[in-house]
Amino acid sequence: GSGGAGSGGRISVVYDSTTYTGGITAIGFQAYGGSTGIEDGAAGTVFYQLVGTDVNGHLIVNNTGNVYSEMATTALVDTQIFDSITTDTVGIVEIPATMNYQLPQENAAATGTSVDYRIAVSGNFSLPGGRTELDIDNGGFLEWRQLSPLSIPGAGTTLNVNAGGVLTHTHNASSRGYVLQVIVDDMSINGTGKVDLDGRGYSAGYGPGVSGVITEGPSHGGLGGFVTSATSRAGAVYDTAENPTDLGSAGFNNGFGAAGGGTFIAQVTNLHLNGGTITAKGLASTASPTSQCGAGGAGGTISINADTIDGSAATLRVNGGNGVTDGACSGAGGGGGRIAIKYNTDSYTGTLVAQVSAANVTAYGGSMTFGTTVYPAAAGTIFIYDKGTCASCGAIYVDNGSTNPYQQLVET
């Protein structure tokens, strides 16, 4: 048998002065969770405060050497405000479902509140000093764990995902529970900033488009791929091209299938896509050590409804995940997901429609190669609608890319 590891403990240091070389943070504080290689424990907490200088003190949540797990979060137990929160690439602070927590304001002169640490939001958060701008900055990771939309109280609200920042929603299981629905006035995704929902859709064996045949791919906007024959594929397409909301279905095969893509829904006045990325791809499948193969996951959903969209060099992806074969087993690729973009003013450099043929906005199906034969899944749908043109206009694009030109059983 096996068991999970224990969590880290707590360290608190309150001091009047220090002559420690490098300052107080140079001390090798450790409150790491234990490790089993199966389910590592969550980090504990390190708190330090310089009396007379620090107003609220500082919180450190590091879990160096462990593997990040959504189960291994360090939940806040009260609403104490901190001057700053610091995490490493594994540690993650959680606002519990029952808490309304005020995020720290590390720079009092800044117009926005910076998240440059890792945080999971199961409860509610507020911004200090009546601010209405939230910035997910370099090193920041915000995981939305609520069933309600992500919004910011007040007027003139702004959400910026800046270079090195990541915004996501938590993983789903057998049903559609978690999506990332953003309701703000202005949203920007800048540089290497990313809305990353890859593999956060339905989990292995689940979803409306899952196939009951272990080798065949799941569907969403496009049909999943097949290995044997088209008649063996059971998964059907679902959701609508114009108003998609659902997650990508997962591959089958008793838990070895890959997860589908998640769902991003933006209801904003202005969307600025300044080289950023929005991705809700299905994951690629892998063969197990016992030669059990599952199919790749289907692509998820990106649905944008904005007054104005501007920017350049951004990437939007809801591709299906590739399948796998190891000679003893095979699993097909997942179908492409769905993208819907609605706007009144297209100020995007090169126009949004042109981004489809330029391969910057894609809903490709995944594929599996057996020998020299490629078995591709179908592309999903891309719906682009200029609301300022007419009430019933809009175009649907079905494009499987030049590197995957096959279009088996295109049903959307």
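**Exercise 1.** Classify the residues that line the second largest pocket as nonpolar, polar or charged.

*Solution.* The lining comprises eight nonpolar, six polar and no charged residues, where Ala, Val, Leu, Ile, Met, Phe, Trp, Tyr, Cys and Pro count as nonpolar, Asp, Glu, Lys and Arg as charged, and the others, including Gly, as polar. The model is predicted: local features require pLDDT of at least 70 and side-chain atom pairs pLDDT 80 or more, whereas totals for chains, interfaces and linings use all residues. Residues are numbered from 1 along each chain as its sequence is written, and side-chain values use heavy atoms, without hydrogens and water.

Next, the pocket is located. Its lining consists of 14 residues, with Phe29, Gln30, Val46, Ile60 and Asn62 nearest its centre. (On a 1 Å grid over the protein atoms alone, a pocket is an open set of points with protein on both sides within 12 Å along at least five of seven lines; a cavity is a set where a 1.4 Å probe fits but cannot get out; lining residues have an atom within 4 Å of a point.) Strand 2 and strand 3 (58–61) each contribute at least two lining residues; strands (E, at least two residues) and helices (H or I, at least four) are DSSP runs numbered from the N terminus. The volume of this pocket is about 170 Å³, taken as the space filled by probe spheres set on grid points joined across faces, edges and corners.

**Exercise 2.** Describe the largest pocket by volume, lining and contributing elements.

*Solution.* The volume is about 250 Å³. Among the 14 lining residues, Arg10, Thr45, Leu59, Val77 and Phe82 are closest to the centre. Two or more lining residues come from each of strand 1 (10–15), strand 2 (45–50) and strand 4 (74–75). Strand 1 gives the largest share, three residues. By class, eight lining residues are nonpolar, four polar and two charged.

**Exercise 3.** Identify the residues around the largest cavity.

*Solution.* One cavity of 30 Å³ or more is present in the structure, and the largest cavity holds about 30 Å³ of space. Its lining is formed by Leu273, Ala314, Leu316, Tyr348, Leu352, Gln355 and Val361. Of these, six are nonpolar, one is polar and none is charged.

**Exercise 4.** Determine the geometry of the ring pair Phe125 and Trp144, and state which strands it joins.

*Solution.* For Phe125 and Trp144 the ring centres are 6.3 Å apart and the planes stand at 90°, so the pair is edge-to-face. Phe125 belongs to strand 10 (residues 124–126) and Trp144 to strand 12 (residues 141–144), so the pair ties together parts 19 residues apart in sequence.

Phe125 is buried at 9% relative accessible area, and Trp144 is buried at 3% (buried is under 20%, exposed over 50%, partly exposed in between; 1.4 Å probe, protein chains only).

**Exercise 5.** Characterise the surroundings of Val121.

*Solution.* Val121 is part of strand 9 (residues 118–121) and is buried, with 2% relative accessibility. Residues up to four places away in sequence are set aside; Val121 then touches Ile95, Leu142, Glu143, Trp144, Arg145 and Gln146, contact meaning heavy atoms within 4.5 Å.

**Exercise 6.** Examine the positive phi values of Ala313 and Thr351.

*Solution.* Most residues other than glycine have a negative phi. Ala313, although not a glycine, has a positive phi of about 60°. Ala313 is in the loop between strand 20 (301–312) and strand 21 (315–317) and is exposed at 60% relative accessibility. For Thr351 phi is positive and near 65°. Thr351 occupies the loop between strand 25 (345–348) and helix 1 (354–357), and is partly exposed at 39%.

Methods: Rings of Phe, Tyr and Trp (its six-membered ring) pair if their centres lie within 6.5 Å; planes under 30 degrees apart count as stacked, over 60 as edge-to-face and the rest as tilted.
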